[in-house]
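Morning, everyone. I have one model to walk you through, so please look at the screen.

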Amino acid sequence: MSRTPEQHAAAIRALFPLRPAAPMNVAEAARLRARLAADVHAREDQPGFDNSQMDGYAVASLEPRLATSGPTIPAGTDPASLYPVGLGALAAPIMTGARLPAGTLAVVPVERCSPAEFVAEGEQVGLPQASAGQFCRRAGSDIGAGEVLARAGAEVTAALYGALVAQGIEAVEVVRQARILIITGGAEVGAPGSRVGAASVRDTNGPLIELLAQRHGIAVAGRISTDDDPAALNRAVEEAVERFAPDAVVTSGGISHGKFEVVRQVFTDGWYGHVDQQPGGPQGLSTFRGVPVISLPGNPVSTLVSFRLYVAPVLGHAPEPVLVPLAESVTGIEGRAQFFRGRFDNGRATPVGGAGSHLLAQAAPAQCLIRVPAGATLSAGDLARVYPL
C-alpha cells in the first residue's frame, strides 16, 4: 500500500523521540543553526541606558530657540561627568549611541539646526521645534530584563546570536545535534574522484548526503560504502552502530525490486513501499538494533529530494514550505505529487531542468522544490507550494 508524502513524513517523525539538551557556546549554536531546548530570558534591559539615535543636540526644552552649545558627549562617555546638574538651557552635542544626560526630552539632528553642523562649546546654535522623545532610544525599548528573549524551539539565527551577545549570554541550552550513519554504494559504484569502468559510476550520493546533512544541521557520525554482499553490509553496520552510536542510519539505493537490493535484504525490520511522489517514489523505513533507518531511493535527484522532504525537517532544520506564484504553467502527473526543481525569479518560482530523477546536472541551478499536486495543471500566477533548498 502506498503512502502520501505527509503520511511517510509522519511515520519517520514517529520513530524519533525528542533529543536531549546540551549546553553550547552561542557562536557554535549560531553556526550550526541549533534550536533552543529552553526559553532564554534577557539578563538586562536592552538598550541598557537611554541613548541618542542620531548625531545632534540633546535638549531639555522642546521649543524653537537660540541656545548655547555645551560640552560634547561622545559615545562611551558618562554624561554626568559633563553635565553634573543636568542640561538646563544648554544644547548638548551628542553622538549616535551616546548616553543621554539627565533631563533630556529630545535629540535634534544636527542637520536640522542652524548652522547645520556642530558649533564649538559656548557658541550659539539655532534649534527648531522638537517633539517629546524624538530620536531618543529609551532603556529597555528593545527588551526588558527578565523578558523572554527567545522561546524553546527557536533557531539560533544571526539576529538571535547578536541579541545573545548583546546580553552577555555566552552559552545556551540547545537540542543536541542528531548524528547519522550514511550508507551508499553498490557493486557498480566506485569511490568519489576515482576512474570508473565501462559499467561503473562514482559515488555521488555519499558526498551529496554528507553535504546536505551539514547544511541542515545534522552531524555525520560515519559513512559506509557497500557492494552487493548482504553479509558484508550487515557486519559493517553492526560495527559502525557499535562504534558511532548514531541517532539514525540514512541509506541511499538498494530498496527497489531488483535481485541485488542489499539494503532491503539487511534492514528487514520495517516498511518498504511506494510514496506517491516523483521523483523518489521508492522509500523505506526500518530499524537496526533499535536505531531508525531511513532508506532513500538511489537516483541522485531522488536522494536530494527525499533528504529535503524526510530527513532534514526531522533530524535537522529546513525552511517551512511557502506559497509562491509560478512564473509559467506546469502540469503534474496522475496519481503522484510531482516535485519540480525550481529557482526564484522576481518573486516567482520557475521550474529548471527535466523531471527525470537522474538529471543531477540539470538540477544544479535549483533553489527550491515546486510541488504540483497529482494530475494538476497550475497556470502562471497560480500559487504553488514551494520548499526552499
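Start at Leu315. Beyond its neighbours up to four places away in sequence, Leu315 touches Phe16, Arg19, Ala178, Ile180, Ile218, Ala248 and Ile294. Keep in mind that this is a predicted model.

Now zoom out from Leu315. Which residues have the most contacts inside the largest nonpolar core? They are Ile180, Ile294, Phe307, Val311 and Leu315, in a core of 34 residues. Several elements supply at least two residues each: α1 (5-14), β12 (179-185), α4 (205-215), β16 (248-252), β20 (291-296), α7 (300-315) and β23 (337-345). The top contributor is α7, which gives ten residues.

As background, nonpolar side chains in soluble globular proteins tend to be buried together.

Next, Leu127. Find it in strand β8, residues 124-127. Is Leu127 buried or exposed? Buried: its relative accessible area is 7%, and the cut-off for buried is under 20%. Leaving out residues up to four places away in sequence, Leu127 touches Tyr57, Val59, Pro64, Arg65, Ala67, Ala91 and Cys113. Ser61 is 66 residues away along the chain, yet the two C-alpha atoms are 9.9 Å apart.

Strand β4, residues 56-59, pairs with β7 over four antiparallel bridges. In one of them, Gly56 is partnered with Pro109 of β7.

Key. Residues numbered from 1 in each chain as written. Predicted model: local features only at pLDDT ≥ 70, side-chain atom pairs only at ≥ 80, totals over all residues. Heavy atoms only, no water. Core = buried A, V, L, I, M, F, W, Y, C linked by side-chain atoms within 4.5 Å. Buried < 20%, exposed > 50% of the residue type's maximum accessible area, 1.4 Å probe, protein only. Contact = heavy atoms within 4.5 Å. Pairing = 2+ DSSP bridges.
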